[in-house]
Amino acid sequence: MNIVRRALFVLSLFAVSTVGAAEWKMLPQGSRLGFFITYAGQEAPGLFHRFATELQFDPSAPAGGRLVVTVTVPSADLDSEDINAAIAGPEWFDFERFAEARFVSESIVGAGDGHFIATGPLRLKGIERVIEVPFSWSEAGGLAHMRGELTLQRTAFGIGTGEWAGSDVIGRKVRVRFDVALQRVHE
Amino acid sequence: MLRNTAQAWGSVAKVLHWSMLGLIVVQVSLGWAADLWHLSPTKIELFIWHKSTGILLLLLAVLRIGWRLCNPAPQPPDGLPRWERAAGIATHVVLYVLIVAIPLSGWVINSAANIPLNVFWLFPLPDITAPSKPLANLAARVHFGLYIAVSGVLCLHVAAALRHHFIRRNDVLVRMLPGGRP
């Protein structure tokens, strides 16, 4: 009996923690998912025009939150037709085979002063790697912004294969920057 | 002697003349190699060298035209028919226009195609046009057309120099040579 009670108690904690986190809806107009590549050492900005964010989050209880970001990879845009055509190919993003990238948080922890870190697997070009997504949270009147920046190694996801993998003409580090506008969903 | 005189080219003019010839030969080779190479890091590096050399050539061309404007050019030899004198002036004006226009058209291609460029891996080159694929295509055709034009005019320039030296037997060629006396 004791064990059953304990199990029920543990389960109830889980139930409280997920139900307690507020549901947020992304506002696509105010949201940006950008990245910076380097081209012979010079940074060039890019953008994913289409991505979706699902978030359950309460900044006072981050552990109960969950963040899922789904990116439409072929919406990548480096503001150059030539470069956009090149990154579509199998050596780079391989749009045809891997049109979707997805990050799913397994934990969100507070990092102090309105900052948090979501950790979980990012699946990109068919390769899954656990990454940390640091973000800041600001909220007012049912509207919120989550902003953050992280650096990924493109080669860890097989982006830029063959000769490109061994070359730093197109830098191996890619800076990702996001600013997601969110609206609290009222139940 | 740095400056030109009525009879002789100064050393500044000679250095600009021959260094640009060397760079143009390198530049044409880089341009063809970059264009023909398959899409790879090497192709991008060849293009960076080509574009960087182009910007250097543009700078030299501007310096050269500035120097030419504030220096007298040596006089053409006496007894030259009027048409030869006119052809010489026309050829040089066209050459001066082309050595500015060719790198500029390349800069337009790069800006319109919106390819980042770190000149000699040292400093970023600003864009001179907004991104536009049709403009990039047009500028690429102009760039190639001007390259064909300068190749023709340079042949004429060399042929004229050799004609001065071997047929007219004057000092027009020799006075541009390093160490050549008027």
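Trainee: In chain B, among contacts between residues at least 6 apart in sequence, what share joins residues at least 24 apart?
Mentor: That share is 63%. Two residues are in contact here if their C-beta atoms, placed from the backbone, lie within 7 Å. Keep in mind that this is a predicted model, where local features need pLDDT of at least 70, side-chain atom pairs count only at pLDDT 80 or more, and totals for chains, interfaces and linings use all residues. Residues are numbered from 1 along each chain as its sequence is written, while chains are lettered from A and ligands numbered from 1 in the order in which they are written.

Trainee: And for chain A?
Mentor: Taking contacts in chain A with a separation of 6 or more, 56% are between residues 24 or more positions apart.

Trainee: OK, how many helices and strands does chain B have?
Mentor: Four helices and two strands. Along the sequence of chain B the pattern reads α-α-α-β-β-α, and its C-alpha trace spans about 55 × 30 × 25 Å along the principal axes.

Trainee: How much of chain B is buried?
Mentor: Of its 182 residues, 20% are buried. Buried stands for 20 or more other C-beta atoms within 10 Å of a residue's own, exposed for 12 or fewer, and partly exposed for in between, with C-beta atoms placed from the backbone. For chain A, buried residues are 26% of 187.

Trainee: Let's zoom in on helix 2 of chain B. How many residues does it have?
Mentor: Helix 2 of chain B has 29 residues and runs 42 Å from first C-alpha to last, close to the 42 Å expected at 1.5 Å a residue. The expected span is 1.5 Å times one less than the number of residues.

Trainee: Which of its residues are buried?
Mentor: The buried ones in helix 2 of chain B include B:Leu46, B:Phe47, B:Ile48, B:Gly54, B:Leu57 and B:Ala61, and also B:Lys51 and B:Arg64. Among what covers the buried residues of helix 2 are helix 1 (11-36), helix 3 (82-112) and strand 1 (118-119) of chain B.

Trainee: At what angle do helix 1 and helix 2 of chain B pack?
Mentor: About 155°, with the axes of helix 1 and helix 2 of chain B 9 Å apart. That makes helix 1 of chain B roughly antiparallel to helix 2 of chain B. For the wording, under 35 degrees is roughly parallel, over 145 roughly antiparallel, 65 to 115 roughly perpendicular and the rest oblique. The axes are lines fitted to C-alpha atoms, for helices over the stretch in contact, and angles run from 0 to 180 degrees between N-to-C directions.

Trainee: What kinds of residues are in that contact?
Mentor: Between helix 1 and helix 2 of chain B there are 18 nonpolar, six polar and two charged residues. Nonpolar covers Ala, Val, Leu, Ile, Met, Phe, Trp, Tyr, Cys and Pro, charged covers Asp, Glu, Lys and Arg, and the others, Gly among them, are polar.

Trainee: How do helix 2 and helix 3 of chain B cross?
Mentor: Their axes come within 9 Å and cross at roughly 145°. Residues of helix 2 of chain B in that contact include B:Leu57, B:Leu58 and B:Ala61, and those of helix 3 of chain B include B:Ile99, B:Val100 and B:Pro103. By class, this contact of helix 2 with helix 3 of chain B has ten nonpolar, three polar and one charged residues.

Trainee: What follows helix 3 of chain B?
Mentor: B:Asn114, with a positive phi near 55°. B:Asn114 sits in the loop between helix 3 and strand 1 of chain B, and B:Asn114 is buried, with 21 other C-beta atoms within 10 Å.

Trainee: Switching to chain A, is A:Asp113 buried or exposed?
Mentor: A:Asp113 counts as exposed, with 6 C-beta neighbours inside 10 Å. A:Asp113 has a positive phi of about 60° although it is not a glycine, and A:Asp113 lies in the loop between strand 8 (107-112) and strand 9 (115-124) of chain A.

Trainee: Last one: how many residues of chain B are in contact with chain A?
Mentor: 15 residues of chain B are in contact with 14 of chain A. On the chain B side, the largest share, four residues, comes from helix 2 (residues 41-69) of chain B. By class, that side of chain B has ten nonpolar, three polar and two charged residues.
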